[in-house]
Amino acid sequence: MDGITLKCNFSMVFGNGISNKITNMKYIFSLAAVLLAFVPVFSQNSDDPFEVYNVRNEEDGSAVVYAKNNYLCDESVYIKFTALKNMKADVELPFEGVVPAGAKEFKLFTLTIKDPLKGSQLGYITSYCHGDIYNTKHDDYAYTIPYKEGESYSIGQAYGGKFSHFMDGKTYAVDFTMKEGTPVCAARDGVVIFIKDDSDKHGKTMKYIDYGNYITIYHSDGTMADYFHIKKNGSKVKEGDRVEAGQVIALSGNTGWSSGPHLHFQVYTFDEDMEVKTIPTKFKQEDGKRVTLKNSKEGYKSVH
Ligand SMILES: [Zn+2]
């Protein structure tokens, strides 16, 4: 252990909605108003990974609303109508639902015409984010401490840490102090949905925030985990890979907004406003015990 004081700030990315991460990947919050008063058919026409579109039946004027989801994880979608004239939906509005990963033509609902002799109009705003925000009962999974079995590393900052883990979007995060190149293991089974490992820069100010490398893994309960600050070219997995708890996924590093080598780990989902909400988790210990990790010089042994 090198005893470096940790200053992990990467998750300002979450709290303040800054950095190119927003446009590139996870905090995508799309606003798309579609007005279709006289357009008979509107179907998917963009390269966006996620899209809500509708197909109108020219004969009776009804419309079926679909979604496509080219992300590797499920997407939660919220559709609010700004106009709905002479049409009714077969579901409750505003619409809330989850579109499975990879879905191409996922039917959300149908709108039918009330009075065929009158004109109709529809318009809506779509918001979406990664994971299942409508599943509020996140399970009581015992996570694997994310490094090799039997090893221990100091915890420089735990839940609610005074340096940066008290802020929104990173409240329930843990910083493990570890030398660059230490193998990082998956804390839970899941699918690798995002990887960035092309940076070798780090610094103590916020301007380095976009240089942080990371891996994001999507879990079966609709939550995700971030493994942050990993080494340049340090990923041992590919996007789309299924990983198991305990599997080596990366080598740790010191990239991004960080003043010393460490691994920042957090599990999160999004709340109803589609803001990042970190989730407190318990970690597996010997004899089936579970522990909440606290600041600790000697750290905790990882039990696989
Ligand atoms: Zn941290």
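Two strands are taken to pair if DSSP finds at least two bridges between them. Helices (H or I, at least four residues) and strands (E, at least two) are DSSP runs, numbered from the N terminus. The structure is a predicted model, in which local features need pLDDT of at least 70 and side-chain atom pairs count only at pLDDT 80 or more, whereas totals for chains, interfaces and linings use all residues. Residues are numbered from 1 along each chain as its sequence is written.

The chain contains two helices and 23 strands. A residue is classed as buried if 20 or more other C-beta atoms lie within 10 Å of its own, as exposed if 12 or fewer do, and as partly exposed in between, with C-beta atoms placed from the backbone. By this criterion, 43% of the 304 residues of the chain are buried. Two residues are in contact if their C-beta atoms, placed from the backbone, lie within 7 Å. Among the contacts in the chain with a separation of 6 or more, 71% link residues 24 or more positions apart.

An open sheet of mixed pairing is formed by three strands in the order E9-E22-E23. Its edge strands, E9 (142-143) and E23 (290-291), each pair on one side only. Strand E22 (residues 282-284) is parallel to E9, the two being paired over two bridges; here tyrosine 143 stands opposite phenylalanine 283 of E22.

Antiparallel pairing involves strand E4 (residues 75-85), which is joined to strand E6 (residues 95-99) over five bridges and to strand E8 (residues 121-130) by ten bridges. Valine 77 has glycine 97 in E6 as its bridge partner, while leucine 84 lies opposite leucine 122 in E8. The loop between strand E7 (106-113) and E8 includes aspartate 115. Aspartate 115 counts as exposed because 9 C-beta neighbours lie inside 10 Å. Its C-alpha atom is separated by 6.5 Å from that of asparagine 86, 29 residues away along the chain.

A nonpolar core is defined as a set of buried Ala, Val, Leu, Ile, Met, Phe, Trp, Tyr and Cys residues joined through C-beta atoms within 7 Å. The largest such core comprises 56 residues, of which Phe176, Val184, Ile215, Ile217, Tyr227, Ile249 and Phe265 touch the most other members. Strand E20 (residues 262-270) makes the largest contribution to this core, with five residues. Domain 1 (12-25 + 136-291) and domain 2 (34-130) each supply at least three residues to this core, the domain bounds coming from an automatic or database domain assignment. Beyond its neighbours within four places in sequence, phenylalanine 176 is in contact with Tyr147, Tyr153, Ile155, His262, Leu263 and Phe265.
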